[in-house]
Amino acid sequence: WLGITIIIARILGPRGQGIYSLAILLPSLLIIFTNFGINPASIYFIGKAKYPLKEIFGNNIILALLITAFAVLIGLIITFFFNDKLFPEIERQYLILALFIIPFSLFFSFIVQILVGLQKFKKYNLMEFLQTIFFFTLLIIFLLKPPFGISFAILAQILSLIFISIILFFLVKKEVNGLILKINKNYFQDVFLYGSKVHLGNIFSFLHHRIDVFLINIFINPAAAGFYWIAARLAEMIWLFSQSSVTVLFPRISSEKDIGQLKEFTPLVCRNILFISFLVALLLFVFARWVIVLFFSEKFFDSIQPFQILLIGTIAMSGLSILNADLIGRGRPILSTYIIGFSAILNIILNIILIPEFGIGGAAWATAISYSLAFIITVLVYGKVS
């Protein structure tokens, strides 16, 4: 992803990067708001072995199709009636093209989680890796035939999702020994009941990660959003360690019968992830200027300050994600939702206050403060629960 981000940023520049980031933000928002927590719910019920894998596979495909229709409809309404208010200075053509990301992204995410639930992590990682490689390769191909623009960057992402979705379908079908493409009402009910508890937390979490880019564009302009997007994406690279751990931790917790094992395992993972994240963040903070200029050129010099500030929040988020995975895996997702909800609302309020006064640096401080506070609260809650 770092290579992809570098290519797009260097070719499009700050303003083009900002427009591209905001265009793909629309399908991301729609997917988060309409997926109803299907992903963690699928992993949870695979761990509990309550339904045949063939049925989970088929029902997740049906859910992806139904949610796609709903999400695309909402996206078209936003694009044609609220474009100027919600996405100022972003051309409608980019938003419409970006909506084609939705069906393939939903299909990929709903199906790849079956591999996570089965704890087939090598195959899961292979699928994630291949999707990135496809995306990167298509960007290079499009670069060879200029002019390369925002539309080509979006198209490369769509095509990469199509390719990987086809491969993933046949891989998972083989893993579960077939496909039952028939609605199981009990599975739907259980998935939505469990998923609804996680869903609101997922929405809050996504808003926490991306609402600042949206507000920066409204308060300032797409170029400022481009500077901030690069700072945020680069800082989030540290999450590689915690996200990898969560991928392994969540299905293990969901299927673990011995609570005593969890009391030892989760804190051990959390401490080590915090230590690693701190060391990497410290290194990046010291060499922030060289990293930004080397990878993205001097055009993105304004990304340096927010990048350094965001590193503070990134450390806190690394620990927060581990403890949240434990709470959700224990069947207590509502606790995580409350904490993330409070943090997201605080983040939005701070962004509205700080962006007009301090620009993208203010947005970075809003995120760092809200992440850190959320982590402190989660540590206290986890201590009681465990």
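Trainee: Quick one to start: is F300 buried or exposed?
Mentor: F300 is buried, with a relative accessible area of 0%. Buried means under 20% relative accessible area, exposed means over 50%, and partly exposed is in between, using a 1.4 Å probe and protein chains only.

Trainee: What kind of model are we looking at?
Mentor: This is a predicted model, where local features need pLDDT of at least 70, side-chain atom pairs count only at pLDDT 80 or more, and totals for chains, interfaces and linings use all residues. Residues are numbered from 1 along each chain as its sequence is written, and side-chain values use heavy atoms, with hydrogens and water left out.

Trainee: OK, aromatics. How many aromatic pairs does the structure hold?
Mentor: It holds 15 aromatic pairs. Rings of Phe, Tyr and Trp (its six-membered ring) pair if their centres lie within 6.5 Å; planes under 30 degrees apart are stacked, over 60 edge-to-face, and the rest tilted. One of the pairs is F227 with F300, which is edge-to-face at 5.9 Å centre to centre, with 80° between the planes.

Trainee: And where do F227 and F300 sit?
Mentor: F227 is in helix α10 (residues 222–235), while F300 is in the loop between α13 (288–296) and α14 (304–329). Helices here are DSSP runs (H or I, at least four residues), numbered from the N terminus, and strands would be E runs of at least two. F227 is buried too, with a relative accessible area of 12%.

Trainee: Why is the pair of W239 and Y371 called edge-to-face?
Mentor: Because the planes of W239 and Y371 are at 65°, with the ring centres 6.2 Å apart. W239 counts as buried at 7% relative accessibility, and Y371 is buried at 4%.

Trainee: Which residues do ring pairs link into a cluster?
Mentor: F45, Y51, Y187 and Y194.

Trainee: Switching to helices. At what angle do α9 and α15 pack?
Mentor: Helix α9 (residues 185–219) and helix α15 (residues 333–358) pack at about 10°, with their axes 7 Å apart. Axes are lines fitted to C-alpha atoms, for helices over the stretch in contact, and angles run from 0 to 180 degrees between N-to-C directions. That makes α9 and α15 roughly parallel to each other. Under 35 degrees is roughly parallel, over 145 roughly antiparallel, 65 to 115 roughly perpendicular, and the rest oblique.

Trainee: What about α10 and α16, what's the angle there?
Mentor: The axes of α10 and α16 cross at roughly 40° and come within 10 Å, so α10 and α16 are oblique to each other. A224, F227 and Y228 in α10 meet I360, A363, A364 and T367 in α16, where contact means heavy atoms within 4.5 Å. By class, this contact of α10 with α16 has six nonpolar, one polar and no charged residues. Ala, Val, Leu, Ile, Met, Phe, Trp, Tyr, Cys and Pro count as nonpolar, Asp, Glu, Lys and Arg as charged, and the others, Gly among them, as polar.

Trainee: And how do the axes of α1 and α10 cross?
Mentor: The axes of α1 and α10 cross at roughly 135° and come within 7 Å, so this pair is oblique as well. The contact of α1 with α10 has 13 nonpolar, five polar and two charged residues.
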